[in-house]
Protein chains: 2
Amino acid sequence: MLPYVFGVDIGGTAIKLGAFRTDGTLLEKWQIPTRVEDGGSHVLPDALDALRGWMARNQVTWSQVEGVGMGVPGPVKLDGTVLRCINLNWGEQSLPAVMKALEPGIAKFRVTNDVNAATLGELWKGAASSCNSAVMVTLGTGIGCGVVADGAIMSGSEGAAGEIGHFCVDRESTVRCKCGKYGCLEQYCSATGLLRCAKLALAQQPERPTALREKKQLTAKQVCDAARAGDALALELLDELGEKLGWALTAVASTVNPEMFLIGGGLSKAGDVLLQPIAASYRKYAFHAFRDTAFALAELGNDAGIYGCAKMVLG
Amino acid sequence: MLPYVFGVDIGGTAIKLGAFRTDGTLLEKWQIPTRVEDGGSHVLPDALDALRGWMARNQVTWSQVEGVGMGVPGPVKLDGTVLRCINLNWGEQSLPAVMKALEPGIAKFRVTNDVNAATLGELWKGAASSCNSAVMVTLGTGIGCGVVADGAIMSGSEGAAGEIGHFCVDRESTVRCKCGKYGCLEQYCSATGLLRCAKLALAQQPERPTALREKKQLTAKQVCDAARAGDALALELLDELGEKLGWALTAVASTVNPEMFLIGGGLSKAGDVLLQPIAASYRKYAFHAFRDTAFALAELGNDAGIYGCAKMVLG
C-alpha cells in the first residue's frame, strides 16, 4: 500500500480535509470554506487545490497516495453517483468521473454520504472501534443516520439508506413536517424537534414551574442543560424524545441488527441524560434477539468524517 | 467454475434439495423428511446422503461440484455460526466446521437464514431478477423477512437482520405476543394475526353482515377469499393489515432503501387484494426519496430457497 491517503468531508459551509498515513496516523487536518456559488462548481477544484497545496508543502506526489475518500451532504448511490446535494447546489453527477477528469493522478477514489462516512470513522477510530457494524444517528437541526452493516457502508438503491429522520412515528399527527408528511421522527427527536416539543409543553402547562420558562430565547441546548441540572419538565422532554427514538431504532435493528448504536450531532453533547432514555426505550421495545445492542455517544465529533473517508480508501 | 452446485433448504418438516448446473439451470429438485430427533443430529448427514445419492446416480464427484449452499430456519451469523434453530432442536454450532468434518470434499460451503436464501433466490431467478437489492416479507404462521442490500445478504451481528415480525406497531397494545412483548407486527399482519383480527372484528360488530360469519372454522385463507369476492369487512381487514405492514416497511426502507419489496408466504396467494393495500400504505408514509420502491408478489414459492442457496455459492 502507498504511504498516504486523504479524507475530504464536504459540508455546506466548510470542506474538512485530513492527510493520513495509510497506517491510520492523522498527519494534518484543516479546513477551507465551501464556495457553493456557480452551481457548486468550485467545490471539487477547491478541495483538490487544498490537497495539492498540502502535497507541495510536504513533497508528496500522487504516485505516493493510495487514494482519496470523500463524504458529501446528500444521497450517493453505490456507483458514486450523487443524486443531488441541495446545500452544495449540485444536481446529479458521477463523482468518480468528475474527479477522474479533474485529477487523473488519483489512484483510488471513494465517495459516500457524509453521515455514512462519519459512521465508518467511528467504527475505525472512535466509539465503535471494537465493532464490525454500527448505526450512527446524528441529532442536530435535522436527523442524520449512517448504516454500516456486516462491515460495509449501506448506500441503498437511491442512496437513501439511513434516511430515518422522516420515518412516521405518529400516524395521527396533524403537524406537517417540512418534507410534506406528518409525524416524522425529526419533528420530535432532532434539536429542532426537541425545541418544538419544549415550547408546546410550556404552552400546555402554563402553571408548571420549570427553569425553561425563564429563558428569553429557549434553545435545545438549554433544555438539555436544564435536564442535567434536574429540571423535571426538561427531563420529561428528554424521556419523550428517548421513547420515540429508541423505539424507532428497534425498527432499524429489525432490519440490519447492528452491533452498536451511536448517538452523535450537536444534541449528543447532552451526554447520558439524552443517551439513557434512548437506550431504555430501545430495550423496552426490542425483540430479544437484539435487545442487548450496545449504545454509546459518538467520540470523534467533526473529525469522524475525514477518518471515515480515509478508511473507505483503505478498505 | 466447476459444473455443478447444490442448494439445500432445511425446514422443520422437510429438507428441499436442488441440483443445478453453475450456469443456473435446475437439473433436479427433490425433498426428504427432516429428522429432528436426537438433537437434530441427523439433519446434516441426511442432507449429505441425499446429495451423495444424486451424485452417484448421475456419476458426479465432489471434484465437479463448485459448492453447497444451505438455508436454515434460524439466525445465522456472517461467519456461518447458527445460534439456535428451535425447529431442528439445534443449539449453537459452526455449520461450516460441521460440514467440513462430515464431507471434506465440499469445495465451497455457504449458509444463511432460510428467508434470506429465499430472498436471494427471488433476486436471481424470481420476481426481483431485475434488481440488485430487495427485501422479502413472508406472511405465514409468523412473519419472516430477508434483506439483500447493495447485492449482499444482510446477516446482522446476532444473525437477526430482517427480524421485523416483532417490531412494535402499537405501543398502546395490551395483547401479549408469544415473544413476551406487546403490539408486534406479527400479531396483525401474519396469517395468524389476520385471523385474530378477523375474529375480533366479528365479535365487535355482531350485527354486520359478512360472508366471514358463515364459516364454521374461520381461516386466514377464507378472509382473503372473501376479500377477493368483495366482502366489505374482509376488504377492511386486508386494508388494516396493509396499513400496518406498509407503514412498517417504510422503516425498513429508511434503513436499507431496497430496490423492491416482495411479499411471499402462504398469505401472499391472496394476490393483489393483499399487495395493493400494503403498497398504498407504504406510499402514504414513505419519505419521498424512496416512495416509488417497487412492490411485487414472490414468484418462486417453495423453490426460492434452493435457488438462493445455490446462488450464494455462485456469488
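**Notes on chain A, a predicted model**

1. Let's start with the surface: chain A exposes about 12,400 Å², and carbon and sulfur atoms supply 50% of that area. Keep in mind as you read on that this is a predicted model.

2. On the inside, 60% of the 315 residues of chain A count as buried, where buried means under 20% relative accessible area. Looking at contacts in chain A with a separation of 6 or more, you'll find that 59% of them come from residues 24 or more positions apart.

3. As for the parts list, chain A has nine helices and 12 strands. Its radius of gyration is 20 Å, close to the 20 Å the globule rule gives for 315 residues, so chain A is as compact as a globular protein of that length.

4. Now for a sheet to look at. Five strands of chain A make an open sheet with mixed pairing, in the order E10-E9-E8-E11-E12. Strands E10 (152–153) and E12 (294–297) of chain A each have a single partner strand and stand at the edges, so one side of each is left without a neighbour in the sheet.

5. Zoom in on the E12 end. There, E11 (residues 260–264) of chain A pairs with E12(A) in the parallel sense, over four bridges. Ile263(A) stands opposite Leu297(A) of E12(A).

6. Finally, what lies across strands E8, E11 and E12 of chain A? That's helix H8 (residues 272–285) of chain A, which runs at about 160° to E12(A). Strand E8 of chain A covers 134–139.

Definitions and conventions. Residues numbered from 1 in each chain as written. Chains lettered and ligands numbered in written order. Predicted model: local features only at pLDDT ≥ 70, side-chain atom pairs only at ≥ 80, totals over all residues. Heavy atoms only, no water. Pairing = 2+ DSSP bridges. Helix = DSSP H or I, 4+ residues; strand = E, 2+ residues; numbered from the N terminus. Contact = heavy atoms within 4.5 Å. Axes fitted to C-alpha atoms, helices over the stretch in contact; angles between N-to-C directions. Rg over C-alpha atoms; globule rule 2.2 N^0.38 Å. Buried < 20%, exposed > 50% of the residue type's maximum accessible area, 1.4 Å probe, protein only. Areas by Shrake-Rupley, 256 points an atom, 1.4 Å probe, with all protein chains shown as cover.
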